[in-house]
Amino acid sequence: VVHNSYKSMYQEQRKQLRFVHLVSPTIDKFHVIGQNRKDLPSERMLFHYVGYGYPTSNNGNIFIRDARPQQFVEFKIKKLLKLMKTPSFYIFDCDYAGCFISAISDGYKDIAKKDATQNKMPFNYDDWYCFCATGPDEKLLSDRNLPRDFLSSCLLSPIDMSLLCHILKYYYDSYKGPDFP
């Protein structure tokens with residue numbers, strides 16, 4: 001249900017958006033990203049990772065589902081970068097998300113060096129953006145009155161989230177006490 005709402009919100013933002021919806025993807029499903037890059041070589045691609053419910057990692061790798069239910073495998077960010085290439089846009093809404101910024105930067109630098117040594121056509125690996133919900137050593141908020149995917153909610157429904165935050169701030173300031181949820 002949540003993933004379907006993400007899909008509809010993204011499509012509301014841009015009607016021409018080509019959207020690949022991967023819910024709990026496996027390694028095999030991740031190769032769809034590489035096929036989309038072949039079909040759209042100069043278009044900006046968006047990768048939105050909501051890590052709630054997945055194991056946490058602070059080494060710049062993400063977790064994806066194994067073929068077996070409830071099993072997770074670590075997916076190296078460098079593999080994702082090779083599939084996505086640039087121009088690209090990343091959103092990480094998970095614990096320790098800030099570590100992805102350096103992982104992406106270092107990964108693209110390594111790919112560029114490897115391409116240069118193999119005399120491949122030069123490619124601009126500096127054309128990427130990244131939004132992260134937390135710093136490299138921070139966890140997501142655990143306020144039961146706020147959604148766990150707080151960054152995603154702010155990006156996809158900013159008016160609703162600003163109203164929610166305003167209401168909560170008013171009640172926190174006005175009705176301090178043990179009875180407030």
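**Exercise 1. Is D127 buried or exposed, or in between?**

Step 1. Take the cut-offs: buried means under 20% relative accessible area, exposed over 50%, and partly exposed in between (1.4 Å probe, protein chains only).
Step 2. D127 has a relative accessible area of 25%, so it is partly exposed.

This is a predicted model, where local features need pLDDT of at least 70, side-chain atom pairs count only at pLDDT 80 or more, and totals for chains, interfaces and linings use all residues. Residues are numbered from 1 along each chain as its sequence is written, and side-chain values use heavy atoms, leaving out hydrogens and water.

**Exercise 2. Find which residue forms a salt bridge with D127.**

Step 1. Apply the criterion: a side-chain nitrogen of Lys or Arg within 4 Å of a carboxyl oxygen of Asp or Glu.
Step 2. The partner is R44; the closest N and O atoms are 2.8 Å apart.
Step 3. R44 sits in the loop between helix 2 (27-39) and strand 1 (45-50), and D127 in the loop between helix 4 and strand 5. They are 83 residues apart and link distant parts of the chain. Helices (H or I, at least four residues) and strands (E, at least two) are DSSP runs, numbered from the N terminus.
Step 4. Check R44: its relative accessibility is 38%, so it counts as partly exposed.

**Exercise 3. How many salt bridges does the whole structure hold?**

Step 1. The search finds two.
Step 2. One of them joins K78 and D110, with the closest N and O atoms 3.6 Å apart.
Step 3. K78 lies in helix 3 and D110 in helix 4, so this pair ties together parts 32 residues apart in sequence.
Step 4. K78 is partly exposed at 33% relative accessible area. D110 is partly exposed too, at 36%.

**Exercise 4. Work out which residues of helix 4 are buried, and where they fall around the axis.**

Step 1. List the buried residues: C99, F100, A103, I104, G107, Y108, I111 and D115.
Step 2. Turn to the face away from the buried side. It carries the exposed residues K109, K113, A116 and T117.
Step 3. Find the packing partners. The buried residues pack against strand 2 (62-65), helix 3 (77-84), strand 4 (88-93) and strand 5 (128-132).

Conventions. Arc of directions from axis to C-beta. Contact = heavy atoms within 4.5 Å.
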